[in-house]
Amino acid sequence: MTDAPRERTHPAVERVEAALLAAGVEPRVRWFESATPTAASAAAELGVEVGAIANSLVFTIDGEPLLVMTSGAHRVDTAFLGERLGGRIRRADPETVKAATGQTIGGVAPVGHPQRLRTVVDVALAGYPEIWAAAGHAHTVFPTAFDELVRLTGGEPHPVEPAPSAD
């Protein structure tokens, strides 16, 4: 893992950095030598628990884009979350992801999109003092905190899967 040299850049990362600055957050983007398109690969590169990775997953709810920021330790239960949000949730295809976010799968950031997306933030992320999210490219991440992520995205905190049963 290396911090980005000044010449290392990408248009999507620049949009993320600009969005963070506009929100009053100092962008601390880290660049990796290799792509880290999964929570497990990002966690391994950072030396953190996989749950501290904030995956940016794009779905549609009744045909409209929905960004779900979920802990890397969780899978989104679309039936459960759809019931809570009052609609039918489906995984977005790569073209929908790119159109909604301006970013490609594996590097989708919570900010820096062409327009604000309805966003759900997994409440499990609140259990980590520092969480890491993609910064617009599969080689980048930035640190944040749960409350800051909710503020940056205008997100709705929700569980993304049912609580484990007590059996």
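Let me begin with Val 123, which sits in the loop between strand E6 (118-122) and E7. Helices here are DSSP runs of H or I with at least four residues, strands are runs of E with at least two, and both are numbered from the N terminus. Before going on, two notes: this is a predicted model, where local features need pLDDT of at least 70, side-chain atom pairs count only at pLDDT 80 or more, and totals for chains, interfaces and linings use all residues. Residues are numbered from 1 along each chain as its sequence is written, and side-chain values use heavy atoms, with hydrogens and water left out.

Is Val 123 buried, exposed or partly exposed? With a relative accessibility of 36%, Val 123 counts as partly exposed. The cut-offs are under 20% relative accessible area for buried and over 50% for exposed, with partly exposed in between, using a 1.4 Å probe and protein chains only. Beyond its neighbours within four places in sequence, Val 123 is in contact with Phe 146, Pro 157, His 158 and Pro 159; contact means heavy atoms within 4.5 Å. Thr 70 is 53 residues away along the chain, and its C-alpha atom is separated from that of Val 123 by 8.2 Å.

Now the overall layout. How many helices and strands does the protein have? There are five helices and nine strands, and from the N terminus the order is β-α-β-α-β-β-α-β-α-β-β-β-α-β. The radius of gyration is 15 Å, close to the 15 Å from the globule rule for 167 residues, so the protein is as compact as a globular protein of that length. That radius is taken over C-alpha atoms, and the rule is 2.2 Å times the number of residues to the power 0.38. Of the 167 residues, 47% count as buried. Among contacts with a separation of 6 or more, 65% are between residues 24 or more positions apart.

Next, the interior. In soluble globular proteins, nonpolar side chains tend to be buried together. A nonpolar core here is a set of buried Ala, Val, Leu, Ile, Met, Phe, Trp, Tyr and Cys residues joined through side-chain atoms within 4.5 Å. The largest one has 29 residues, and those touching the most other members are Val 16, Leu 20, Met 69, Val 121, Leu 125, Phe 142 and Leu 149. Two or more residues each come from helix H1 (11-22), strand E3 (53-61), strand E4 (64-71), helix H4 (94-101), strand E7 (131-134) and helix H5 (146-153). H5 gives the largest share, four residues. Apart from this core lies another, of eleven residues, including Ile 61, Val 68, Val 76 and Leu 85.

Leu 125 is worth a look on screen. Leaving aside neighbours within four places in sequence, its contacts include Met 69, Ile 131, Phe 146 and Leu 149.

Ala 100 is in helix H4 and, at 8% relative accessibility, counts as buried. Thr 36 lies in the loop between strand E2 (30-31) and helix H2 (39-46). At 8% relative accessibility, Thr 36 counts as buried. With neighbours within four places in sequence left out, Thr 36 is in contact with Ser 41, Ala 42, Glu 45, Gly 106 and Ala 138.
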